[in-house]
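This report concerns the domain arrangement of a protein chain and the surroundings of its ligand.

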Amino acid sequence: MKGVLFDLDGVIADTSVYHFQAWRKLIKDHFNRELPNELEKQTKGVSRTDSLTAILNYLNIIVTEKEFQEMTEEKNIVFRELLTSLTPENILPGITALIAAFQAHNVKLSLASASLNGPFILTKLQLTNAFDAIVDPAQVAAGKPAPDIFLAAAKAINLNTRDCVGIEDSIAGIRAINRAGAFSVGVGSQSELGQAGLLFPQTSALNYQQIEQAWEKFS
Ligand code: G6P
Ligand code: MG
């Protein structure tokens with residue numbers, strides 16, 4: 001194992017809840033409708049526009065292209081407001097130690113987040129320097145569950161995806177890692193992330209040795 005391709009929201013930081021909170025506010029303000037919890041998993045890991053498409057489909061609402069564009073911008077304003085108070089305390093349990101273990105074993109770190117806010121969030125968490133590469137999702141052709149962002153993340157650290165593990169909390173993300181040919185590590189439930197090569201119930205359970213051993217078997 002030479003590289004780790006990290007998702008951000010819901011793996012490194014507790015920011016995935018803020019995404020859904022922002023969508024909830026937007027939909028309430030525009031249509032006075034509530035979003036059910038079960039919709040959250042469909043918006044995890046997928047781009048801003050794919051998230052809004054999934055939400056509007058679910059609600060059976062059709063908007064013009066202009067309204068759609070305005071809504072994505074408005075959602076981001078709400079999301080960024082929620083991020084203003086972000087500090088290193090928002091790093092999820094176990095992640096600081098896991099990053100240190102990867103670094104101690106000379107495993108390179110590459111960020112494979114679909115969020116255009118990724119670099120901003122890493123700065124707020126004071127984790128920018130921990131990463132050897134950060135992929136710009138705007139430069140990637142197709143979003144998760146397409147493999148593109150994980151292929152780009154491995155390439156950015158000059159590695160073959162077979163030599164990498166990817167860590168994800170979303171269904172779309174696990175599928176993307178598998179398609180990219182890296183070893184997938186999921187954080188979440190078996191019912192959602194059953195396709196992961198190795199699964200941990202929460203970030204605090206993530207363990208370098210277990211990941212390394214599972215990758216050995218996979219490779
Ligand atoms: C992550 C989150 C998604 C979000 C996407 C785009 O993958 O899990 O919920 O839609 O990033 O984020 P952005 O900050 O660019 O709107
Ligand atoms: Mg995520």
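The model is a predicted one. In its protein chain, the domain assignment gives domain 1, made of 3–14 + 87–218, and domain 2, covering 16–83. A distance of 24 Å separates the C-alpha centres of domain 1 and domain 2.

Contact between the two domains involves 17 residues of domain 1 and 10 residues of domain 2. On the side of domain 1 that touches domain 2, helix H6 (118–125) and helix H8 (171–180) each contribute at least two residues. H8 gives the most to this side, with three residues.

Ligand 1 is surrounded by 16 residues, the closest being Arg-48, Ala-114, Ser-115, Leu-116 and Asn-117. Two or more residues of this shell come from each of helix H1 (16–31) and helix H3 (48–59). Both domains take part in the shell around ligand 1: domain 1 (3–14 + 87–218) and domain 2 (16–83) each supply at least three residues.

The table sets out the residue classes of the two groups.

| Group | Nonpolar | Polar | Charged |
|---|---|---|---|
| Side of domain 1 that touches domain 2 | four nonpolar residues | five polar residues | eight charged residues |
| Shell around ligand 1 | three nonpolar residues | 10 polar residues | three charged residues |

Notes. Residues numbered from 1 in each chain as written. Chains lettered and ligands numbered in written order. Predicted model: local features only at pLDDT ≥ 70, side-chain atom pairs only at ≥ 80, totals over all residues. Domains from an automatic or database assignment. Contact = placed C-beta atoms within 7 Å. Helix = DSSP H or I, 4+ residues; strand = E, 2+ residues; numbered from the N terminus. Nonpolar A, V, L, I, M, F, W, Y, C, P; charged D, E, K, R; others polar. Near = placed C-beta within 6 Å.
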